[in-house]
2 protein chains.
Amino acid sequence: MIPVMYARYLAGRANWIKGSALADVMKKASELQKKGRRLISLAAGDPDPSLIPRSVLGELAREILENEPKSVMYTPANGIPELREELADFLKRYDGVDVPPENIVITIGGTGALDLLGRVLIDPGDMVITENPSYINTLLAFEQLGARIEGVPVDENGMRTDVLEEKLRRLASEGRKVKFIYTIPTGQNPMGVTMSAERRKALLEIASQYDLLIIEDTAYNFMMYEGGNIRPLKALDDEGRVVVAGTLSKVLGTGFRIGWIAAEGEVLRKVLMQKQPIDFCAPAISQYIALEYLRRGYFEEYHLKKALPAYREKRDIMVASLEENLPWASFTRPIAGMFIMLFLPENASGMEFAGELMEKEGVVVVPGKPFYTDDSGINAIRLNFSRPSGEEISEGIRRLARLYREKFVS
Amino acid sequence: MIPVMYARYLAGRANWIKGSALADVMKKASELQKKGRRLISLAAGDPDPSLIPRSVLGELAREILENEPKSVMYTPANGIPELREELADFLKRYDGVDVPPENIVITIGGTGALDLLGRVLIDPGDMVITENPSYINTLLAFEQLGARIEGVPVDENGMRTDVLEEKLRRLASEGRKVKFIYTIPTGQNPMGVTMSAERRKALLEIASQYDLLIIEDTAYNFMMYEGGNIRPLKALDDEGRVVVAGTLSKVLGTGFRIGWIAAEGEVLRKVLMQKQPIDFCAPAISQYIALEYLRRGYFEEYHLKKALPAYREKRDIMVASLEENLPWASFTRPIAGMFIMLFLPENASGMEFAGELMEKEGVVVVPGKPFYTDDSGINAIRLNFSRPSGEEISEGIRRLARLYREKFVS
């Protein structure tokens with residue numbers, strides 16, 4: 001028997017990958033839990049399963065599978081027409097965005113939307129601008145496709161458009177071409193910040209000036225707790241520069257894998273051509289559940305009226321706990337989304353701190369470093385407030401603060 | 001307002017795509033149906049929804065969503081551990097393949113498995129060997145990734161391994177490197193043929209001699225009507241050369257999007273690293289439904305005992321109808337899968353015939369040409385017998401034969 005040397009069959013692009021820090025943290029946490037350790041997790045990227053109307057969805061699923069033969073079959077690659085229509089109405093009503101159903105493509109969650117856009121737009125070596133830090137999974141997806149990421153720093157008002165403009169001017173003078181700007185303007189992952197109305201306007205003007213596409217990741221648009229006057233980039237876009245990657249994951253649950261691309265022209269056409277060979281279609285049962293969820297007004301009944309106030313309260317608890325226990329520490333104060341970024345003292349290692357926190361205090365957090373596009377962010381820690389209960393949040397922050405004081409406050 | 005010229009943002013790889021003939025046929029058929037035309041479709045790639053126990057699956061879905069909070073959350077990127085374990089048992093019992101659960105990665109159907117393997121293995125310009133003809137969706141996925149496809153002809157015993165060997169010898173002498181061999185040995189799509197035991201042995205020997213990986217697409221392994229002594233390539237592989245792309249689509253329904261990769265070593269490691277950024281995970285609800293379906297013995301109860309005999313009968317009806325109505329025509333006689341390939345007289349256009357058949361006789365078939373990797377196959381027509389009823393099959397073939405005689409028999 002000749003042992004196969006697998007490594008030499010691998011594609012070059014496989015080497016562009018760095019490991020996912022989230023996966024590593026989750027793995028270690030699950031090992032500890034297997035040993036019977038009870039952990040408080042502030043590490044999730046999920047909504048709270050107890051705020052998702054699972055019995056209602058279960059009854060929907062039963063009805064659909066029993067009555068709709070198409071629910072077990074392939075759907076069109078761009079999604080079932082009824083869902084695309086319902087989603088267009090939903091986006092008009094709740095997101096202030098006017099997208100015709102034929103410009104919507106249902107994807108495997110927001111992740112599938114972003115990867116597919118990457119496949120359609122990125123050639124190896126292409127430069128892509130993102131926020132710094134940005135969502136690790138998207139950075140990894142774009143890097144897999146050969147993108148070179150240039151990060152633009154983020155403050156409490158979102159992407160620093162002044163720095164963006166300076167960077168674009170410099171890149172243009174060097175003759176280097178940027179493919180697109182990727183942004184999560186609302187409830188940014190991992191920072192938790194929301195781009196101000198002024199910055200949104202500036203971003204669109206800059207994109208127009210430098211003739212760039214923008215990919216707007218709207219994952220947290222339906223988790224806004226304040227700032228109701230802030231509109232999606234797509235709603236402000238009168239040149240067709242904004243391509244949307246959206247998802248129902250934070251509303252319906254991440255497990256259904258229902259996201260979408262809203263695009264037009266050649267981008268839409270290429271997305272439609274490339275999609276079927278990649279995943280054939282999004283899961284039919286999930287598409288029908290999403291359709292009935294929207295059609296029956298459950299978004300209003302269960303998400304807006306029940307889940308959203310609960311998330312707002314959890315955010316308040318986390319902010320208050322941090323202010324009480326770590327008044328000297330720096331952290332973001334989100335008006336949307338599910339994350340707060342906490343900064344340890346300069347040069348302290350978030351990676352090390354997260355490890356110790358899990359071991360000593362049984363609290364799981366995600367180090368911020370892997371979300372950064374450069375060498376910064378060593379001292380960042382991403383905290384999630386959507387998944388844990390209020391009690392877990394207070395207790396988790398109390399323990400985190402204990403370790404923080406032990407290590408950094410003499 | 002400056003109109004955006006989308007085309008210049010597109011990645012080069014987007015241009016490697018050819019349109020999908022299946023999508024075109026389906027679109028035209030659906031337009032006719034919207035005009036109220038009743039069509040008989042022999043064009044599907046789906047199982048028969050009436051042979052899928054939809055009420056049972058619906059009740060499963062209700063139970064799962066109500067009782068299992070994880071069913072609405074992200075799952076591990078490689079799938080829920082319980083499903084990987086259950087699937088390992090299932091494969092051992094019903095497919096004769098011994099794969100440990102940790103070597104299984106749950107994917108977005110077989111399509112997701114094949115695309116992911118392509119991403120891990122194919123660099124632009126790499127040569128990949130497939131059957132000629134082969135499954136169009138896989139050809140398109142590999143071509144998107146920049147593969148150059150070399151086809152090996154197929155006869156009633158599957159891939160012509162003598163031609164394969166000759167081709168590999170020639171390529172080696174020219175210094176051209178092949179990345180892997182992609183095959184659907186059982187119930188091949190679109191030919192409907194099954195590779196003989198001798199050919200399977202020969203294929204593995206050739207792969208060993210030329211030190212190549214094999215990707216075995218086992219989509220139709222659970223739709224075998226005869227030839228029970230034929231074993232999957234993976235079961236015969238003692239060198240670890242065979243990577244499996246499997247699916248429950250033909251059993252549970254294509255809409256659930258549950259497939260898998262079975263791989264080892266570096267290939268497995270890279271699949272695990274690349275998967276999360278691409279789709280995060282397969283749909284949780286589908287994974288739990290698949291788990292319970294297997295765990296409760298429904299595969300035996302509903303698929304083996306009920307669906308499989310019904311598909312066998314449909315195959316018998318289609319073969320008998322062809323023999324009765326087109327005794328002079330050439331067509332394949334499948335012992336597995338869901339397709340028969342019918343050949344029109346030499347130089348006749350299958351594309352044209354399919355168009356006329358839909359217009360004049362209201363019967364939808366898929367032209368075989370787009371499945372071919374070279375200029376051959378112009379006269380091929382793919383017929384599906386799994387989805388239509390027995391009556392639709394007889395009537396569809398009767399009408400097809402009428403057009404055939406009208407055009408080709410003087």
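1. Two strands count as paired if DSSP finds at least two bridges between them. The model discussed here is predicted. In chain A, pairing of this kind builds an open sheet of 8 strands, with the order S2-S9-S8-S7-S6-S3-S4-S5. The pairing within this sheet is mixed.

2. Which strands form the edges of the sheet? They are strand S2 (104-108) and strand S5 (158-159) of chain A, each of which pairs on one side only.

3. Val154(A) has Met159(A), in S5(A), as its bridge partner.

4. Helix H3 (residues 81-94) of chain A lies across S2 and strand S9 (258-262) of chain A. The direction of H3 is at about 105° to S2(A).

5. Two further helices deserve attention. Two packed helices are described by the angle between their axes and the distance between the axes. For helix H4 (residues 109-121) and helix H5 (residues 136-144), both of chain A, the axes come within 9 Å and cross at roughly 30°. H4(A) is therefore roughly parallel to H5(A), since angles under 35 degrees count as such. The crossing of H4(A) past H5(A) is right-handed.

6. Which residues make this contact? H4(A) contributes Thr111(A), Leu114(A), Asp115(A) and Gly118(A), while H5(A) contributes Asn137(A), Thr138(A), Ala141(A) and Phe142(A).

Technical notes
Residues numbered from 1 in each chain as written. Chains lettered and ligands numbered in written order. Predicted model: local features only at pLDDT ≥ 70, side-chain atom pairs only at ≥ 80, totals over all residues. Axes fitted to C-alpha atoms, helices over the stretch in contact; angles between N-to-C directions. Helix = DSSP H or I, 4+ residues; strand = E, 2+ residues; numbered from the N terminus. Parallel < 35°, antiparallel > 145°, perpendicular 65-115°, else oblique. Left-handed = near helix turned anticlockwise from the far one by under 90°. Contact = placed C-beta atoms within 7 Å.
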